[in-house]
Amino acid sequence: MPSPFPGMDPYLEAYLWVDVYNALASKIWQQLAPKIQPAYTVRLEVYLVQDTAPESEIGILYPDVEVLRQKSASSSVRSSSVHSSIEAGNLLVTPAPLTLPLISPVEVRIVSLEIRDTASNTLVTSLEILSPVNKREPGITPYRQKRQRLYNANVHLLELDLLRRGTRAFEHSRLPVVSYLVTLTRAQAQEVEVWPIALQDPLPIVPVPLRSPDPNVPLDLASALHEIYDEAFYNLSIDYQEDPPKPALTDSDLAWMEALLAPWRAEKKA
C-alpha cells in the first residue's frame, strides 16, 4: 500500500526515521550509479557520531529512553524520615523531589553519498541527508563547518532536509517557512539553489551537478521515497489514526492532512 501523502510522509519522521534514512541513501545510490558511470562513481560514506544531547528526541527517535522519574509523595515522606533520623542537630535535609537519570550518549550512524571522479578519485559532489543530530547542538556546528570545508574545496553540495524538527543548516532571511527543504550549493557559486517543500507538495526532481562540461544528472526524490515506502511496507508500522510526530503541524497543514487521511481512516474503521 503506498503512502497517502503525495510527498514526504511526516509519520516517517519518528522511530522509523533511522530505517528511512538508510534505505533512502541506498535508493539514491542505486538511482545515480548507473547514470554517472564510467567517468564517476557514487559511494556511501558511513561514520558514527555520538548524540550527546538526545533529550529532544525522547519519545520520537528514541521512544524507549527514560527521561525522568518523579518521586511519589509516599517515597518523599519515607526519604524525609530517613534523613531526619541520621542528621545531627535540629537542621533537616530537604529530600530532592525529582531524580533525573544520566542519559548516555546514543551512537548515530551518519551516511553521506560521495560522487568521485574515477580518473583521480577526487570528490566532486557530496549529497547529505540531514539527520536530527545534524540539526541541533552540539551536532549542527560541526556540520556547518563541514559545509564550509566542502565549499572551500570546490565540491558541490546537495542537502536533503526531510525533517520538520530542528534548526536548518542553511538559514536565510528570505527562506520561507516550510516543512522540508532541498538546497544545492554548487562549487564556487555565489548563490544557493533552494527547493522549499510544503507538506502538500510532491518531492522534486533535482539536479546533481558533476564537473563541467558534464551535464547535471536528475535525481527523482519522489520516486526514491515511494519505492522505499513500498519495499519496506512502512504502512504496516504506521498508525495513521494517531497524530504525526512532533513538532505540531500548523492549523492549515493539519486541516489538509485530516482531509487527506479521512478516506483511509474510514476504510480502516469499516
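What follows is a reading of a predicted model, taken from the strands to the helices and then to single residues.

Six strands, listed here as 6 strands in the order E1-E4-E5-E6-E7-E8, form an open sheet whose pairing is mixed. Strand E1 (40–51) and strand E8 (193–197) stand at the edges, and because each has a single partner strand, one side of each is left without a neighbour in the sheet. On average, and with direction ignored, neighbouring strands of this sheet are turned by 15° against each other. Helix H1 (residues 17–36) packs on the sheet, where it touches E1, strand E4 (106–117), strand E5 (122–129) and strand E6 (156–161), and the direction of H1 makes about 10° with that of E4.

Strand E9 (residues 205–208) and E10 run antiparallel and are joined by 4 bridges, with isoleucine 205 having aspartate 220 in E10 as its bridge partner. Rolling a probe the size of a water molecule over the atoms shows where empty space is left. The structure holds 1 cavity of 30 Å³ or more, and about 70 Å³ of space lies in the largest cavity. Which residues line the largest cavity? The lining is made of Leu130, Glu159, Asp161, Arg168, Ala169, Phe170, Leu181, Val182 and Thr183. E6 and E7 each supply at least two residues of this lining, and E7 gives the most, with 3 residues.

Arginine 168 is found in the loop between E6 and E7, and its relative accessible area of 15% is the reason why it counts as buried, the limit being under 20%. Its side chain is joined to that of aspartate 161 by a polar contact of 2.8 Å, and the side chain of arginine 168 also reaches the backbone oxygen of valine 178 at 2.7 Å. Not counting residues up to four places away in sequence, arginine 168 touches Lys135, Ile140, Arg144, Asp161, Leu163, Val178, Ser179, Tyr180 and Leu181.

Is arginine 265 buried or exposed? With a relative accessibility of 11%, arginine 265 counts as buried, and its place is in helix H5 (residues 251–269). The side chain of arginine 265 reaches the backbone oxygen of tyrosine 240 at 2.7 Å. Leaving out residues up to four places away in sequence, arginine 265 touches Tyr11, Tyr240, Gln241, Glu242, Met257 and Glu258. Tyrosine 240 is also touched by proline 4, a residue of the segment before H1. With neighbours within four places in sequence set aside, proline 4 is in contact with Asp9, Tyr229, Tyr240, Leu260 and Leu261. Proline 4 and leucine 203 are 199 residues apart in sequence, and their C-alpha atoms are 14 Å apart in space.

The last part of the reading concerns backbone geometry. Most residues other than glycine have a negative phi, and most peptide bonds are trans. Against this background, a cis peptide bond joins serine 212 and proline 213, with omega about 10°, and proline 213 is found in the loop between E9 and E10. Another cis peptide bond joins lysine 246 and proline 247, with omega about 5°, and the place of proline 247 is in the loop between helix H4 (221–232) and H5. That loop between H4 and H5 also holds phenylalanine 233, a residue other than glycine whose phi is positive, near 55°. Phenylalanine 233 counts as partly exposed, at 49% relative accessibility. A positive phi of about 60° is also found at asparagine 154, although it is not a glycine. Asparagine 154 lies in the loop between helix H3 (140–152) and E6, and at 41% relative accessibility asparagine 154 counts as partly exposed.

Terms used:
Residues are numbered from 1 along each chain as its sequence is written. This is a predicted model: local features need pLDDT of at least 70, side-chain atom pairs count only at pLDDT 80 or more; totals for chains, interfaces and linings use all residues. Side-chain values use heavy atoms; hydrogens and water are left out. Two strands pair if DSSP finds at least two bridges between them. Axes are lines fitted to C-alpha atoms, for helices over the stretch in contact, and angles run from 0 to 180 degrees between N-to-C directions. Contact means heavy atoms within 4.5 Å. Buried means under 20% relative accessible area, exposed over 50%, partly exposed in between (1.4 Å probe, protein chains only). A polar contact is a pair of N or O atoms within 3.5 Å; within protein, one must be able to donate a hydrogen and the other to accept it, and residues adjacent in sequence count only if both atoms are side-chain atoms. On a 1 Å grid over the protein atoms alone, a cavity is a set of points where a 1.4 Å probe fits but cannot get out, and a pocket is an open set with protein on both sides within 12 Å along at least five of seven lines; lining residues have an atom within 4 Å of a point. Grid points are joined across faces, edges and corners, and a volume is the space filled by probe spheres set on the points.
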